[in-house]
Amino acid sequence: MTNSITVLYDTIRWEEKALAKTCEKNNVKIKMVNCKKLMLDLNKKIENSIFLQRCVSYYRNLHSTAALEGAGANVINCLHTAIYAGNKLFTHMLLKKYGVKTPFASIAFSKESAMEILEKYGCPQIIKPTIGSWGRMISKINDKVAGEQIIENRETMSPIYQIHYMEEFVKRPPRDIRAIMVGDAIVAAIYRYSGNTNWKTNMALGGKAEECKITNEMEKLCFKARDAVHGQILGIDLMESQERGLLVHEINNTTEYKNTVKVCNVDIPTMIINYIKSLK
């Protein structure tokens, strides 16, 4: 068992503060390391160290995890999780491989081929960047005219936005589900309702939360999703399709859980610390 944890971050959020307070309250040694100030000699070994990866930036998260694992550290979540959960296309392909139901999706690599997708499969569709969070740069394409404008704008942006990843607009209640997994358990789940007439359910965009009962169907999907990305501490997002039941549409590698703690009255920071303490 370990009694020392290093939390690697690039932004201090409620979650990181809660982890630090939990460690202080339970006499667990914790070191908070700002990844922006991190310097690593890639030729030196790091032994008997556990790092909890909490970087918001996909690129800092990915590369610092790779460097630390290469030096011998145990990083939670691991590099496999960082790579695959951090990219929506990669996540989708792994979920399909593991038999997890997902929204129908397509990928295009130019404006012309993206417009062919709209022609073939119709509207509405959701267009997303393969890398990103908090609902940024996600648009609902209601018709081909709007789609052409959106796609033309994206073609002028950085290369990541020129990869046109599109999902069906799932017929569902005006909400999705965020399930928090710690180790071998779903510790809590919430419904996230769209706010301010927005179809997006992200809390950062005004969505509201309430407790969600954990069902057998949800557990089966979440465990498969966790295994697909080799995750240990995850937020798994699901939608309730009117036609196909629960679908997994996203996996969060450094998940936020503030609203889940408040709504469900569960001590997720303590669960996370206790899980890490149990590791050898």
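## Cavities, sheets and helices in a predicted model

The model holds 2 cavities of 30 Å³ or more. A cavity is a set of points on a 1 Å grid over the protein atoms alone, where a 1.4 Å probe fits but cannot get out. A pocket is an open set with protein on both sides within 12 Å along at least five of seven lines. Lining residues have an atom within 4 Å of a point. Grid points are joined across faces, edges and corners, and a volume is the space filled by probe spheres set on the points.

This is a predicted model, in which local features need pLDDT of at least 70 and side-chain atom pairs count only at pLDDT 80 or more, while totals for chains, interfaces and linings use all residues. Residues are numbered from 1 along each chain as its sequence is written, and side-chain values use heavy atoms, with hydrogens and water left out.

Residue classes follow one rule. Ala, Val, Leu, Ile, Met, Phe, Trp, Tyr, Cys and Pro count as nonpolar, Asp, Glu, Lys and Arg as charged, and the others, Gly among them, as polar.

| Space | Volume | Lining by class |
|---|---|---|
| Largest cavity | about 60 Å³ | 4 nonpolar, 4 polar, 2 charged residues |
| Second largest cavity | about 40 Å³ | 3 nonpolar, 5 polar, 1 charged residues |
| Second largest pocket | about 240 Å³ | 7 nonpolar, 3 polar, 4 charged residues |

Helices (H or I, at least four residues) and strands (E, at least two) are DSSP runs, numbered from the N terminus. Helix α4 (88-97), β8 and β13 each give two or more residues to the lining of the largest cavity. α4 gives the most, with 4 residues. The residues around the largest cavity include K88, H92, Y165, E167 and H249.

E167 also belongs to the second largest pocket. There, F104, Y121, Q125, E167 and E168 lie nearest the centre, out of 14 lining residues. Strands β5 (105-108) and β8 (164-168) each give two or more residues to this lining. The largest share, 3 residues, comes from β8.

**The parallel sheet**

Which strands form the open sheet with parallel pairing? There are 4, in the order β2-β1-β3-β4. Two strands pair if DSSP finds at least two bridges between them. β2 and β4 are at the edges with a single partner strand each, so one side of each has no neighbour in the sheet. The twist averages 25° from one strand to the next. Axes are lines fitted to C-alpha atoms, for helices over the stretch in contact, and angles run from 0 to 180 degrees between N-to-C directions.

β3 and β4 run parallel and are joined by 3 bridges. L52 faces I76 in β4. Both L52 and I76 also line the second largest cavity. N77 is in that lining too. A cis peptide bond joins I76 and N77, with omega about 5°. N77 sits in the loop between β4 (74-76) and α3 (79-85).

Contact means heavy atoms within 4.5 Å. α1 touches β1 (4-9), β2 and β3, and makes about 155° with β2. α2 (residues 58-70) lies across β1, β3 and β4, at about 170° to β3.

**The antiparallel sheet**

The other open sheet described here has 5 strands in the order β11-β10-β9-β12-β13, with antiparallel pairing. Its edge strands are β11 (208-211) and β13 (245-252), each pairing on one side only. Neighbouring strands are turned by 30° against each other on average, direction ignored. β12 (residues 233-241) and β13 pair over 7 bridges. I236 has I251 of β13 as its bridge partner.

Helix α7 (residues 216-229) lies across β9 (175-182), β10 (185-193), β12 and β13, at about 130° to β12. Helix α9 (residues 268-277) lies across β9, β10 and β12, at about 35° to β9.

**Where helices meet**

α9 also meets α1 (residues 14-25): their axes come within 9 Å and cross at roughly 65°. A18, L19, T22 and C23 in α1 touch P269, T270, I272 and I273 in α9. These contact residues divide into 6 nonpolar, 2 polar and no charged.

**Backbone exceptions**

Most residues other than glycine have a negative phi, and most peptide bonds are trans. P124 lies in the loop between α5 (111-121) and β6 (125-128). N48 has a positive phi, near 55°. N48 is in the loop between β2 (29-34) and β3 (50-53).
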